[in-house]
Amino acid sequence: MRGDPNENGAVVVAGTEVLAVGDFKKIKRDFSINNFDVVDLGDGLIVPGWVNAHTHLEFSDIQEPLGFPGIKFTDWIRKIVEQRFQSNSSEPDTDSASKKSLAIKRGLVESRQAGTQAIGEIATSPLDINDYTGADSRIVTRCFFEQLGRDPLNYPNQASELTSFLSQNHRMFYPGASPHAPYSVSAPLFQQIQTISQSAATPVAMHIAETLEERELLEKASGDFVDLLTEFGIWNPHDFTGQLNILGILHELSKAEHALIVHGNYLNEMELDFIASHPKSMSIAFCPRTHRYFKHAHYPLQKMLDRKINICLGTDSRASNPDLDIFKEAQEVASSFPNLPPVEILKMATVNGRQALGLPSSIGTISANQSASLNFITPSESLQPNHPTDWMFAQTSQCTPIL
Ligand SMILES: [Zn+2]
């Protein structure tokens with residue numbers, strides 16, 4: 001990730017730590033190689049573990065995406081709410097918190113098996129950091145504590161809960177805050193979250209411009225979301241009379257050291273320009289297969305890349321995606337954007353995610369004296385490995401986590 005690929009490369013690993021990376025012959029000279037077991041992996045690419053920049057692991061026990069491809073987004077939200085209600089009531093001997101813990105642990109195991117080394121997780125209250133930091137967990141988590149609600153005055157504990165969450169510190173667990181989305185967070189609550197997360201200097205993530213209906217709500221106070229919010233008993237037309245608009249929200253988020261815009265499917269030119277004018281702090285998480293599931297308009301990836309916006313990849317949850325496999329997201333990008341150099345996609349799946357989440361710089365790279373997370377990508381037999389990066393995310397390529 002820090003230069004050209006090493007042909008006939010080697011990685012020296014002791015336990016779970018990388019000691020050296022580079023050309024095999026040079027490494028053979030520099031190290032007394034006889035003290036090491038040498039494993040020849042054959043033709044393929046050794047790449048860093050993936051960074052999955054957008055997950056909701058509490059839905060990892062869902063067997064298949066809710067609804068059907070092309071489902072209306074507001075109908076899908078109704079299904080999510082239904083699902084939560086069912087999972088809270090179906091097994092009376094298991095309380096909802098422990099069901100959630102199990103789903104999160106299952107999601108971590110699945111992520112690890114898919115070669116992921118770090119995640120950008122959105123988590124809801126009640127939130128137990130032990131779910132993420134168990135002794136066997138090798139996944140680094142940036143955990144954005146999700147906040148939603150219309151009037152913060154009705155939830156006096158929300159602010160103190162967020163403040164104490166953001167003060168936590170752990171080697172594998174980094175806190176952050178997430179105002180959920182413009183349709184689910186009131187202007188006063190959004191301000192409250194901003195104030196708290198800015199004073200704690202933590203990253204923020206927010207679902208923004210995910211649907212056209214969201215834009216309609218914010219711009220005209222009409223559309224599908226009005227029905228949904230009315231059903232939930234929280235519709236108030238005064239909430240959407242220009243208090244929150246996407247550019248204003250982006251403006252506020254840009255004050256954070258790291259602000260992750262999740263989806264951004266329908267950002268307009270002016271909003272993209274604004275994000276591009278904050279290259280160090282603002283990033284966008286693209287969730288390619290979730291995007292396809294909802295049959296959104298073609299993703300404005302090229303417009304984002306033309307503006308040099310930092311783009312990373314996420315799976316989103318199993319409520320809109322069949323699994324938590326970032327390699328498959330990268331393959332989806334490669335097939336939807338065939339002109340995009342695979343190396344760019346590799347960055348989106350690794351270092352760009354690390355930057356977006358504000359995680360240590362060794363993540364998403366293979367670096368000496370750092371903890372190792374390695375994947376091995378092999379071509380199908382019909383593809384010649386002469387130009388390694390060309391076939392990296394071909395539909396027939398395979399990815400196997402090796403460490
Ligand atoms: Zn999401």
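## Aromatic pairs

Rings of Phe, Tyr and Trp (its six-membered ring) form a pair if their centres lie within 6.5 Å; planes under 30 degrees apart make the pair stacked, planes over 60 make it edge-to-face, and the rest are tilted. By this rule the structure holds 16 aromatic pairs. The model is a predicted one, in which local features need pLDDT of at least 70 and side-chain atom pairs count only at pLDDT 80 or more, while totals for chains, interfaces and linings use all residues. Residues are numbered from 1 along each chain as its sequence is written, and side-chain values use heavy atoms, with hydrogens and water left out.

One of the pairs is Trp76 with Phe294: the ring centres are 5.2 Å apart and the planes stand at 90°, so the pair is edge-to-face. Trp76 lies in helix H2 (residues 73-89), and Phe294 in the loop between helix H10 (288-293) and helix H11 (301-306), so this pair ties together parts that are 218 residues apart in sequence. Helices (H or I, at least four residues) and strands (E, at least two) are DSSP runs, numbered from the N terminus. Both Trp76 and Phe294 are buried, a word that means under 20% relative accessible area, with exposed meaning over 50% and partly exposed in between (1.4 Å probe, protein chains only).

Tyr183 and Phe225 form another pair, with ring centres 4.3 Å apart and planes at 25°, so the two are stacked. Tyr183 is in the loop between strand E7 (173-179) and helix H5 (187-199), whereas Phe225 is in helix H7 (residues 224-231), so the pair ties together parts that are 42 residues apart in sequence. Tyr183 counts as buried because its relative accessibility is 6%. Phe225 is buried too, at 0%. One aromatic cluster takes in Phe73, Trp76, Tyr183, Phe225, Tyr293 and Phe294.

## Around Ala209

Ala209 sits in the loop between strand E8 (204-208) and helix H6 (212-220). With a relative accessibility of 0%, Ala209 counts as buried. The C-alpha atoms of Ala209 and Tyr183 are separated by 10 Å, and the two residues are 26 residues apart along the chain.

Contact means heavy atoms within 4.5 Å. Apart from neighbours within four places in sequence, Ala209 is in contact with Glu214, Arg215, Ile246, Gly264, Asn265, Tyr266 and Leu267.

## Salt bridges

Side chains of opposite charge can pair when their charged atoms come close. A salt bridge is a side-chain nitrogen of Lys or Arg within 4 Å of a carboxyl oxygen of Asp or Glu. The whole structure has 16 salt bridges. Asp224 and Lys72 form one of them, at 3.7 Å from N to O. This pair links distant parts of the chain, 152 residues apart: Asp224 belongs to helix H7, and Lys72 to the loop between strand E4 (50-55) and H2. Asp224 is buried, with a relative accessible area of 18%, while Lys72 is partly exposed at 40%.

Glu269 forms a salt bridge with Lys303, where the closest N and O atoms are 2.8 Å apart. Glu269 lies in helix H9 (residues 269-276) and Lys303 in helix H11, so the pair ties together parts that are 34 residues apart in sequence. Glu269 is partly exposed at 41% relative accessibility, and Lys303 is partly exposed at 38%. Glu269 also meets Arg307 in a salt bridge (2.7 Å, N to O). Arg307 is in the loop between H11 and strand E11 (310-313), 38 residues apart from Glu269. A network of salt bridges links Glu269, Asp273, Lys303 and Arg307.

## The two domains

The chain is divided into domain 1 (9-47 + 368-401) and domain 2 (60-357), with bounds that come from an automatic or database domain assignment. Taken over C-alpha atoms, the domain centres are separated by 33 Å. The contact takes 17 residues from domain 1 and 15 residues from domain 2.

Buried area is the accessible area (1.4 Å probe) that two parts lose on being put together, summed over both. Between domain 1 and domain 2 this area is about 1,200 Å², and carbon and sulfur atoms give 63% of it. Ser373, Phe393 and Gln395 supply 46% of the area that domain 1 buries against domain 2, more than any other three residues. Between the two domains the count of salt bridges is zero.
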